[in-house]
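Me: I have a model open and would like to learn how to read its features. Could you walk me through them, beginning with a single residue?

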Amino acid sequence: MDSTSDTKNIQTDCCIAGGGPAGIMLGFLLVRAGVDVTILEKWPDFFRDFRGDTIHPSTMDILNELGLLDEFLKLPHQEIPRVVAAIGDQEITIADFEHLHVRCPFLGFMPQWDFLNFIAEYGRKFSNFHLLMETEALDLIYENGKATGLTARNSSGTFDIRAKLVVGADGRHSVVREKSHLPNQSLGAPMDVLWFRISRKKSDPVPVLGRLERGEMMIMIDRDDYWQCGFIIPKGNFEQTKQQGLGSLHTRILDLAPFLESRSQEISDWSQVKLLSVAVERLSQWYQDGLICIGDAAHAMSPIGGVGINLAIQDAVAAANILIPAFRRGGPKLSDLQAIQKRRQLPTKIIQRMQIYIQNHLIYHVVAGDLKLQVPWFLKLLSRFPALRRIPARMIGVGFRPEHVTQK
């Protein structure tokens, strides 16, 4: 079902709210094992600019296990074997992926819509894969204290979906998380991110992923014919930034990347600038009877390291490995949902603690405009001892407790 018709009185094994990386990957893994899956995606397509676009080595290992990697790598993408940051006039290699024992020792950059369309295309080969576009979750259905489905809405109206399991994979503003009243903990973030595009010339310098100066920081992702830029501002500072005018933003961009010259003028209206309100959060409990949250719905990540997508996909694989045998036994029990959180909670906590450390010891001082921008001690060590670059490469590219496809 890729249309909005025939959506009354749906009965399915697993209803997944959210067609992002966690939801699409989990849905695909489940349908391969014969589970009937209905996925709700509130937008008419996956084309959403400035979503996370990082494809990690661990994700490519999973695609390889699924027999999809060769076809996946035919899609347009950029391969980054090392992450380099410019801090003042000093360039520092932060992570070197070439030493990882993985199938693809590099970060891949690909528009997220291409990744989602790719997985969805293979999902549609199964008759038990139902992807409902332009359909949003509104509320949960409970019977005797157990989640038994949800209420949804599309252009045809409001209807109910009954399921043995409801999965909240609908992002950091999750309706499933909100309606379930699962306890959420905010861990704080000192910055927000302004996303925008600037055209790229072939003569532009070799890509440096991050550029830092006193009071300024910008991420630049090479998209072949344009740069996808993420400009860091203090938390809650967007309105003040707008009041300073586009001219001020142009100047700040050129302070970080002078080679862009007059191209900063391509940003001619604030509608071209998208605000990402950064949050680092996690649920203390991811599940209820009949329901579980994964991905950003369970743990909103900072954009540091671009690891949010990786965590979401790892959640999906771990969940599928536990849920497939559970569905074959008749349906997931509370103990199965507990096992998913137990499996994925520690890796999430470790990554979030590392993100918070970097926020507090680097980014906070940048956005605060400290008089002297100093290279943190841990980055100095990476410059002095290149072998240490393998550590952040593993943390970013593979993560803690990487998951593998064990169920078919």
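Reply: Leu-75 is found in the loop between α3 (69–72) and β4 (78–80); helices (H or I, at least four residues) and strands (E, at least two) are DSSP runs, numbered from the N terminus. The model is predicted, so local features need pLDDT of at least 70 and side-chain atom pairs count only at pLDDT 80 or more, while totals for chains, interfaces and linings use all residues. Residues are numbered from 1 along each chain as its sequence is written, and side-chain values use heavy atoms, with hydrogens and water left out.

Me: What does Leu-75 count as in terms of relative accessibility?

Reply: Buried means under 20% relative accessible area, exposed over 50%, and partly exposed in between (1.4 Å probe, protein chains only). Leu-75 has 24% relative accessibility, so it counts as partly exposed.

Me: Which residues does Leu-75 touch, not counting those up to four places away in sequence?

Reply: Contact means heavy atoms within 4.5 Å. By that rule Leu-75 touches Met-110, Asp-114 and Phe-118. Phe-118 is 43 residues apart from Leu-75 along the chain, and their C-alpha atoms are separated by 9.0 Å.

Me: In what order do the strands of the three-stranded open sheet come?

Reply: Two strands pair if DSSP finds at least two bridges between them. Here the order is β3-β7-β4, with antiparallel pairing. The edge strands, β3 (54–55) and β4, each pair on one side only. Between β4 and β7 (residues 107–109) there are three bridges, and Ile-80 has Leu-107 of β7 as its bridge partner.

Me: How should I think about side chains in a strand, and which strands does β11 pair with?

Reply: In a regular strand the side chains alternate between the two faces of the sheet. As for pairing, β11 (residues 157–168) runs parallel to β1 (residues 10–17), joined by seven bridges; Cys-14 has Leu-165 as its partner there. Three bridges also join β11 to β20 (residues 291–293), again in parallel, with Val-166 opposite Leu-291. β10 and β11 form a hairpin with two residues between them.

Me: Where is Asn-154 placed, and is it buried or exposed?

Reply: Asn-154 belongs to strand β10 (residues 146–154). Asn-154 is at 7% relative accessibility and therefore counts as buried. A polar atom of its side chain lies 2.8 Å from the backbone nitrogen of Ser-156.

Me: Why is helix α2 described as largely enclosed by the rest of the structure?

Reply: Helix α2 (residues 57–65) has nine residues, and seven of them are buried, so the rest of the structure largely encloses it. Among the buried ones are Pro-57, Met-60 and Leu-63. After α2 comes Gly-67, with a positive phi near 75°.

Me: How many cavities of 30 Å³ or more are there?

Reply: Rolling a probe the size of a water molecule over the atoms shows where empty space is left. On a 1 Å grid over the protein atoms alone, a cavity is a set of points where a 1.4 Å probe fits but cannot get out, and lining residues have an atom within 4 Å of a point. Grid points are joined across faces, edges and corners, and a volume is the space filled by probe spheres set on the points. The count comes to two. The largest cavity has a volume of about 40 Å³, and its lining includes Asn-310, Arg-344 and Phe-400.

Technical notes: 1 Å grid on protein atoms, 1.4 Å probe; cavity = no way out; pocket = protein on both sides within 12 Å on 5 of 7 lines; lining within 4 Å. Polar contact = N/O pair within 3.5 Å; in protein donor to acceptor, adjacent residues only side chain to side chain.
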